[in-house]
Amino acid sequence: MEHANQQMAIAPEITFQHEPAPNTKRIWKTFWILLFLTIAELALGLSHYAFHVEGWLLMFLKGGMIILSICKAVYIVSIFMHLGDEVRNLKLTILVPLLLFIWFILAFLWDGVAYKNLRNKFNVPAPTEQAAPLHDVQKPGTLD
Amino acid sequence: MSTHIPAGYKWWTGGKSPYNVSYGKLMMWIFLLSDTFTFGALLIAYGTIRVSHDYWPDPNHVFNTFPLMGDANLPLAFVSLMTFILIMSSVTMVLAVHEGHKRNKKGVEKWLLWTILGGFLFLGCQAWEWTHLITHTHPVLIDGKIQEIGATIKENHFGPIVSGLFHNGHQVTLPGPVAFGNSFFGITGFHGFHVSIGVFLNILMYFWTLNGRFTRLGHYEMVEKVGLYWHFVDLVWVFVFLCFYLI
């Protein structure tokens with residue numbers, strides 16, 4: 001077995017020692033990227049509030065915010081947590097189980113929508129909503 | 001960081017760990033993976049409940065206050081500050097780890113102190129936000145009567161607007177979905193609990209650095225492991241921020 005850099009042996013499990021980064025350039029670059037992504041997210045979040053966006057465009061904006069968040073997560077995990085510098089075996093051990101989230105999110109949101117449809121189809125209106133006949137209650141049915 | 005791993009190196013031939021990290025670091029990763037699913041399950045449960053409702057409060061309306069700004073409508077401003085604080089503390093943590101690689105004791109101490117400060121600031125912001133939501137009451141029409149309620153896990157005032165009905169100059173609403181308070185306080189509380197543990201661990205790392213424990217050991221790997229945990233807490237906030245404040 002070949003040991004590359006023995007001077008700083010942290011543990012016997014480590015075969016190839018990482019060399020310390022020469023400077024903090026990469027850290028600060030990642031910080032600016034994260035800050036930019038956060039500001040972009042905020043711009044999207046505030047724009048649908050300011051312009052009362054609805055329907056497909058709202059879904060599109062929300063999708064944009066989800067993609068920006070995933071980008072932030074990738075930068076944090078890859079650079080700050082150094083997963084990008086680890087060996088492939090460790091990367092796969094951590095990342096492959098996350099594929100379960102694809103099923104997890106789809107199945108549960110699907111179930112939530114189905115529950116809403118069932119409730120709207122079969123529930124009688126709640127008594128509190130009928131007890132306010134004098135005032136025009138805002139029509140439910142939208143997130144906004 | 002560069003590693004000199006020869007192309008086609010055989011990791012699975014035995015006699016060594018195929019992960020090339022210490023046992024403790026591998027276990028930290030496995031723990032974080034399990035915690036990812038804990039937070040994932042909480043956030044997905046929140047999503048399921050939310051899409052099962054016809055009406056859900058608009059986050060731009062719920063989170064529109066800022067300390068010392070009274071009733072000014074400032075959507076998302078305060079949570080942006082919280083997000084910035086947490087990202088910044090993540091940067092100071094990674095700088096502490098970087099100084100640890102260079103075995104610079106003073107540098108590790110300095111950046112750990114900044115990280116601890118960031119953690120306390122974040123927790124302080126969260127305490128303010130919770131206090132504001134719970135104690136700031138609004139008129140709500142319940143069973144035909146107007147009542148002043150705050151936002152708790154049992155009730156909240158973020159329901160649909162009763163148009164034309166005002167009480168002491170405030171717009172009267174119907175009660176909001178109870179699940180909103182449940183999931184908001186539950187999930188941000190669980191995240192805040194993680195931040196508290198992170199701050200505690202960082203303080204522990206600071207004192208261990210101070211008394212020369214890592215100098216004697218010859219490496220700062222424990223700071224790296226706590227760093228992984230701290231970045232994970234930041235990572236969770238990215239998604240809490242997305243699910244509760246943005247979407």
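By class, the residues that line the largest cavity of this predicted model comprise 7 nonpolar, 8 polar and 6 charged ones, where Ala, Val, Leu, Ile, Met, Phe, Trp, Tyr, Cys and Pro count as nonpolar, Asp, Glu, Lys and Arg as charged, and the others, Gly among them, as polar. Because the model is predicted, local features need pLDDT of at least 70 and side-chain atom pairs count only at pLDDT 80 or more, whereas totals for chains, interfaces and linings use all residues. Residues are numbered from 1 along each chain as its sequence is written, chains are lettered from A and ligands numbered from 1 in the order in which they are written, and side-chain values use heavy atoms, with hydrogens and water left out.

The structure holds 4 cavities of 30 Å³ or more, a cavity being a set of points, on a 1 Å grid over the protein atoms alone, where a 1.4 Å probe fits but cannot get out, with lining residues having an atom within 4 Å of a point. The largest cavity contains about 230 Å³ of space, a volume being the space filled by probe spheres set on the points, which are joined across faces, edges and corners. Of the 21 residues that line the largest cavity, A:Ile10, A:His18, B:Lys25, B:His101 and B:Glu224 are the closest to its centre. In chain B, helix H3 (77–101) and helix H7 (221–246) each supply at least two residues of this lining, helices being DSSP runs (H or I, at least four residues) numbered from the N terminus.

The second largest cavity contains about 80 Å³ of space, and its lining includes B:Phe63, B:Phe78, B:Trp128 and B:His132. Two or more residues of this lining are given by each of H3 and helix H4 (105–135) of chain B, and H4(B) provides the largest share, 4 residues. By class, the lining of the second largest cavity has 8 nonpolar, 3 polar and 1 charged residues.

Helix packing was examined next. The axes of helix H3 (residues 88–95) of chain A and helix H1 (residues 23–51) of chain B come within 10 Å and cross at roughly 25°, where axes are lines fitted to C-alpha atoms, for helices over the stretch in contact, and angles run from 0 to 180 degrees between N-to-C directions. H3(A) and H1(B) are therefore roughly parallel to each other, the term for angles under 35 degrees, whereas those over 145 count as roughly antiparallel. H3(A) passes H1(B) in a right-handed crossing, in which the near helix is turned clockwise from the far one by less than a right angle, anticlockwise being left-handed. In this pair, A:Leu90, A:Thr93 and A:Ile94 of H3(A) meet B:Leu26, B:Trp29, B:Ile30 and B:Leu33 of H1(B), contact meaning heavy atoms within 4.5 Å. The contact of H3(A) with H1(B) has 6 nonpolar, 1 polar and no charged residues.

The axes of helix H1 (residues 25–50) of chain A and H3(B) come within 11 Å and cross at roughly 165°, which makes H1(A) roughly antiparallel to H3(B). The crossing of H1(A) and H3(B) is right-handed, and among the residues in contact are A:Trp28 and A:Phe31 of H1(A) and B:Phe84 and B:Met88 of H3(B). By class, this contact has 12 nonpolar, 4 polar and no charged residues.

Within chain B, H3(B) and H4(B) pack at an angle of about 160°, with their axes 8 Å apart, and H3(B) is therefore roughly antiparallel to H4(B). The crossing of H3(B) and H4(B) is left-handed, and the residues of their contact divide into 15 nonpolar, 7 polar and 2 charged.

Note on methods. 1 Å grid on protein atoms, 1.4 Å probe; cavity = no way out; pocket = protein on both sides within 12 Å on 5 of 7 lines; lining within 4 Å. Parallel < 35°, antiparallel > 145°, perpendicular 65-115°, else oblique.
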